[in-house]
Amino acid sequence: MDLLGFARGPALKVALAVFCLGVVWRIVGFVLLRIRRDLNKPRASALRYLGSGLLAVGTRSWPHREFIARTGPGEALGYSYHIGLFVMVLLFTPHIVFIGGLLGFTWPGLPSSFITVVSVLTLTLFLAVLFRRVTHPVIRMLSNFDDYFSWFVTMLVIVTGLAATAHLGARYETLLGLHILSFDLLLVWFPFGKLMHAFYLVPSRAINGALLARKGAVS
Amino acid sequence: MNHSAGMSTANLAPAEARTPQARVAGAMRGFAQEIGALSAFRLESCIHCGICADACHFYIATEDPQYTPIWKVEPFKQAYKRESSPFAPLFRLFGFKHEVTADKLAEWQHLLFDSCNMCGRCSLICPMGIDVAALIEQSRHAMFEAGLAPKELYHKASHQQNTGQPEASAEPYRDQLLAIGSRFSVEIPLDKPQAEIMLCVPRTDIEHYPGAVAALARVVKHLGVSATFRSDGLVAENYGYYAGGKEWQRDISLRLIEQAIACGAKTLLVPECGHAYTALRWEAADLYGKPLPFDVRHVTEFLADELHAGRLKLKSAITGKTTFHDPCQLVRKGGVNDAPRALMRAMGIELDELANHGGFSFCCGGGGGVLDIERAAPLRYRAMENKLREIDDTGAATFLTTCSDCRRTFDDAKVHFSWDKKPHSLLELVADNLSPTGT
């Protein structure tokens with residue numbers, strides 16, 4: 001079996017299994033902790049504060065006016081590379097074919113040249129993110145192995161993907177094999193580190209929004 | 001920091017001396033009692049973006065990264081990952097998270113108590129929606145169990161739990177309350193066996209702002225409602241909440257709850273005291289173990305309802321250009337946003353709002369017990385400069401608020417900075433402008 005066959009065969013199967021089991025365990029592991037009932041009388045009806053919670057998923061996507069002057073540049077950087085990742089992962093035709101093979105359906109993609117430009121821009125933003133992480137006193141202090149390794153595995157997928165697309169440095173099949181292997185690595189790491197925020201984002205915002213709305217407070 | 005440095009600089013009550021092992025065990029016990037699915041989810045969700053720093057007045061004033069709100073719970077985040085998280089065995093196996101030491105806990109005392117007002121502004125900025133302030137409150141509980149509550153808060157909480165008063169006084173508060181009634185020529189309803197509304201009072205008002213106590217009695221009399229103070233449940237403040245002593249917080253709340261039940265009150269009226277509102281409105285039932293058999297309302301909520309019902313009529317107040325400080329515990333953490341503004345509108349006051357107001361208001365800097373911690377004063381003054389600047393920038397001649405601890409913090413700043421503003425009580429302004437006709 002060659003590298004490509006290994007990467008998209010047994011390695012991918014193992015990686016997907018680790019990813020699925022790991023994600024489920026990571027969520028079940030804390031959901032099974034006790035959930036206390038709030039006995040204090042709510043200010044709003046359950047329907048209203050649950051609705052406010054769902055609304056907070058959207059409203060928290062944009063910083064409040066009071067904060068934007070301080071947080072705007074950092075949030076713009078964060079949003080930019082997430083949009084880049086979204087475009088690269090979900091709108092590149094070979095990815096659509098690959099994911100479609102797993103899901104059983106496909107959707108239209110964008111031209112390869114456009115995706116290449118987005119990838120290079122995203123790569124640049126990723127380097128800027130790393131620079132910010134090591135130079136910003138607050139972010140540097142908060143950072144640990146998880147932050148740097150999550151950055152590394154994501155970056156590796158982008159770099160190998162660009163190399164494969166540009167046929168840089170080796171045979172296409174080898175480069176593609178390395179790209180898929182790096183993706184396998186990302187899948188394996190995903191449940192153990194901060195990449196899990198992809199699953200946490202919506203419920204976390206919704207819960208906090210609902211709890212604040214329960215008190216009638218701004219969220 | 002070496003092993004002994006954290007402990008040697010900690011601000012401890014002598015009664016809380018214990019071995020490092022006992023401190024860690026206490027903290028972990030307190031932490032384990034707190035950790036449920038919700039707090040675990042909050043700890044899981046942090047992406048280390050550091051944005052919460054930009055909401056915190058301590059960080060904004062100093063640009064010192066240690067004041068980043070989520071960093072203030074770092075020992076407990078570390079303990080959660082290592083001891084309770086779904087992959088805890090892996091964290092221990094690979095040594096990603098070390099055991100929390102007593103020295104580290106002691107080092108964090110300054111961050112969890114001196115430099116956090118539990119104001120909750122950080123909870124509004126987190127892009128993941130984490131309620132960082134809730135995590136800090138839980139961490140304070142663990143610190144208390146480790147014997148690491150600052151001595152000022154510990155002593156006051158202990159005294160209040162034992163006697164009902166946070167500090168000894170030459171005259172019992174009950175007698176001081178009656179004396180205030182005589183001084184201001186207002187009837188103080190005390191120890192009525194039955195009443196619709198049970199009143200309580202901030203000891204800050206008894207000691208520093210007796211006019212606010214008289215104002216409460218005057219509005220109650222003016223409205224003709226059946227109300228009473230109760231000698232055995234007089235003090236609104238809850239130093240157990242500040243110190244992180246959950247059992248003490250419960251015992252202190254129980255004094256009020258039991259008295260309210262004893263007099264058949266339908267409402268427990270919280271006076272101008274922000275954290276008393278949080279402790280009674282949003283935490284007391286959980287500590288009591290069942291829903292409270294009465295409503296808990298802030299005095300401004302009660303008065304705004306009376307206003308809307310047409311039972312309270314107010315005259316126009318001559319205040320000139322006026323601004324208002326929203327107490328964090330009432331507004332951001334309590335949801336009492338509209339009531340104070342409705343009262344001011346009814347008195348013809350057009351507010352010049354602060355740059356950050358309502359739920360986004362900056363804390364006065366004294367909340368969360370910080371005003372009581374002597375060692376915290378220099379940092380507190382730095383952290384409140386921005387707030388004072390915002391107030392100055394409105395050009396307001398009158399500056400109102402509705403929390404006696406906020407008032408005391410601003411009055412302290414007035415002396416410290418030779419500041420030319422004086423905080424006034426909204427309740428006192430209402431009491432001064434009561435009108436049977438509404439003209």
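Two strands pair if DSSP finds at least two bridges between them. The exercises below apply this to a predicted model.

**Exercise 1.** Determine how strand β1 (residues 197-199) of chain B and strand β3 (residues 267-270) of chain B are joined, and in which sense they run.

Solution. Three bridges join β1(B) to β3(B). The two strands run parallel. For a residue pair to inspect, take B:L199, whose bridge partner in β3(B) is B:L269.

**Exercise 2.** Describe the packing of helix α5 (residues 112-135) and helix α7 (residues 145-166), both of chain A.

Solution. Two packed helices are described by the angle between their axes and the distance between the axes. Here the angle is about 155 degrees and the axes are 10 Å apart. Angles over 145 degrees count as roughly antiparallel, so α5(A) is roughly antiparallel to α7(A). Their crossing is left-handed. Now list the contact residues: α5(A) contributes A:T116, A:S119, A:T122, A:L123, A:F126, A:V129, A:L130 and A:R133. From α7(A) come A:D147, A:W151, A:M155, A:I158, A:G161, A:L162 and A:T165. Sorted by class, the contact has eight nonpolar, five polar and two charged residues.

Key. Residues are numbered from 1 along each chain as its sequence is written. Chains are lettered from A and ligands numbered from 1 in the order in which they are written. This is a predicted model: local features need pLDDT of at least 70, side-chain atom pairs count only at pLDDT 80 or more; totals for chains, interfaces and linings use all residues. Axes are lines fitted to C-alpha atoms, for helices over the stretch in contact, and angles run from 0 to 180 degrees between N-to-C directions. Helices (H or I, at least four residues) and strands (E, at least two) are DSSP runs, numbered from the N terminus. Angles under 35 degrees count as roughly parallel, over 145 as roughly antiparallel, 65 to 115 as roughly perpendicular and the rest as oblique. A crossing is left-handed if the near helix is turned anticlockwise from the far one by less than a right angle, and right-handed if clockwise. Two residues are in contact if their C-beta atoms, placed from the backbone, lie within 7 Å. Ala, Val, Leu, Ile, Met, Phe, Trp, Tyr, Cys and Pro count as nonpolar, Asp, Glu, Lys and Arg as charged, and the others, Gly among them, as polar.
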